[in-house]
Amino acid sequence: MFAPVKIISGGLEIREFGPQDAAQVAAFVAADDRTALPPGAPQTVAEVDEWLTGTVRRRLDGDGVLLALLDAASGEIVGSIGLRDIDWRAGRGEIGYGVRASRRGRGYAATAARVVGRWALTDGGMRRVQLRSRVDNIASLRVAEKAGYQREGTLRMADWDGEKTHDLAVFSMISTDVGTVDATR
Ligand SMILES: CC(C)(COP(=O)(O)OP(=O)(O)OC[C@H]1O[C@@H](n2cnc3c(N)ncnc32)[C@H](O)[C@@H]1OP(=O)(O)O)[C@@H](O)C(=O)NCCC(=O)NCCS
């Protein structure tokens, strides 16, 4: 399992999605305004409560964490970041993020990727946090770079959008990068 996460940084409060977010999430879903929500978020308002409960369960089961990015001043949800595809034996997980379209360009994603990467490699017990991004997703490539991830290479034709393939850039942050975790642990 993962312990609950709460991080304040760069104007953001970063913490788990949970029942307290039901009204905001339901409003996004009802308005079909989905850019603040992660992939896999509910399609209908009726599914919101179950989704939020399942998010907590996945953390307790050690399957990952799904965190809301909140404007620390207003409490508004401005995006999300998750750690998923956990391999506990290798100590590996993959990070993914999104920021609400109207809130982009303020450094939120880079802040979140940096501090959640560091959390994963310390309190989260991971050795490696991986990040994959389509090579034409310039904003995401820039986020990875700004957040301190190292670009390792390209997975050619690794993604399919239903019409065509995309190459994926692979980045990582590892425990020795943050210098606080014994890489042999
Ligand atoms: C990728 C995404 C999360 C970035 O969120 P954000 O909060 O705007 O990111 P930041 O403000 O931290 O940084 C964005 C950087 O990309 C740069 N950028 C954005 N669009 C760009 C473009 N078209 N060309 C060049 N640079 C661009 C910004 O200038 C900024 O860099 P800078 O600080 O050096 O100026 C956001 O665009 C998003 O949600 N996209 C859709 C979901 C997605 O692609 N997720 C990533 C999947 S791997």
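Which element supplies the largest share of the shell around the ligand? The first legend answers this. All views show a predicted model.

**View 1. The shell around the ligand.** Helix H4 gives the largest share of this shell, with 6 residues. Three elements each supply at least two residues: strand E5 (92-99), helix H3 (108-121) and helix H4 (138-146). There are 19 residues around the ligand, and those that come nearest are Arg104, Ala109, Ala110, Ala139 and Arg142. By class, the shell divides into 8 nonpolar, 7 polar and 4 charged residues.

View 2. Helix H3 has 14 residues. From its first C-alpha to its last it reaches 20 Å, close to the 20 Å expected at 1.5 Å a residue. H3 is mostly covered, with 13 of its 14 residues buried. Ala109 is found in this helix and is among the residues that come nearest to the ligand. Ala109 counts as buried because 26 other C-beta atoms lie within 10 Å, against a cut-off of 20 or more. Leaving aside residues up to four places away in sequence, Ala109 touches Gly79, Tyr97, Val99 and Val143. Leu69 is 40 residues from Ala109 along the chain, yet their C-alpha atoms are separated by 8.8 Å.

**View 3. Leu141 in helix H4.** Leu141 is found in helix H4. The cut-offs are 20 or more for buried and 12 or fewer for exposed. Leu141 touches Ser133 and Ala169, not counting residues up to four places away in sequence. Leu141 and Ala169 are 28 residues apart along the chain, and 8.0 Å separates their C-alpha atoms.

**View 4. Helix H2 and its two faces.** Helix H2 runs over residues 48-60. Its 13 residues should span 18 Å at 1.5 Å a residue, and its end C-alpha atoms are 19 Å apart, which agrees. Which residues of H2 are buried? They are Val48, Trp51, Leu52, Thr55 and Arg59. Seen down the axis of H2, the buried residues fall within an arc of 100 degrees, so they line one face of the helix. An α-helix has 3.6 residues a turn, so residues three or four places apart point the same way. The face of H2 turned away from the buried side carries Glu50, Arg57 and Leu60, which are exposed. What covers the buried residues of H2 includes strand E2 (12-16), helix H1 (22-30) and strand E3 (65-71). Gly62 follows H2 and has a positive phi, near 80 degrees.

**View 5. Strands E1 and E2.** Strand E1 (residues 6-9) pairs with E2 in the antiparallel sense over 4 bridges. Ile7 has Ile14 in E2 as its bridge partner. The two strands form a hairpin with 2 residues between them. Gly10 in this hairpin takes a positive phi near 55 degrees.

**View 6. Strand E3 between its partners.** Strand E3 is mostly covered: 6 of its 7 residues are buried. E3 joins E2 through 5 bridges, and the two run antiparallel. Opposite Leu12 stands Asp71 in E3, while the bridge partner of Glu13 is Leu70. E3 also pairs with strand E4 (residues 77-87), in the antiparallel sense and over 6 bridges. Here Leu67 stands opposite Ile81 in E4. E3 and E4 form a hairpin with 5 residues between them. Gly75 in that turn has a positive phi of about 80 degrees.

**View 7. Strand E8 with E6 and E7.** Strand E8 (residues 165-174) pairs with strand E6 (residues 128-134) over 7 bridges, in the antiparallel sense. Opposite Leu131 stands Phe171 in E8. Strand E7 (residues 150-160) is joined to E8 by 7 bridges, and these strands run antiparallel. Gln150 stands opposite Ser172 in E8. How many residues lie between E7 and E8 in their hairpin? There are 4, and Gly162 in the turn has a positive phi of about 100 degrees.

Terms used:
Residues numbered from 1 in each chain as written. Predicted model: local features only at pLDDT ≥ 70, side-chain atom pairs only at ≥ 80, totals over all residues. Expected span 1.5 Å × (residues − 1). Arc of directions from axis to C-beta. Contact = placed C-beta atoms within 7 Å. Near = placed C-beta within 6 Å. Nonpolar A, V, L, I, M, F, W, Y, C, P; charged D, E, K, R; others polar. Pairing = 2+ DSSP bridges.
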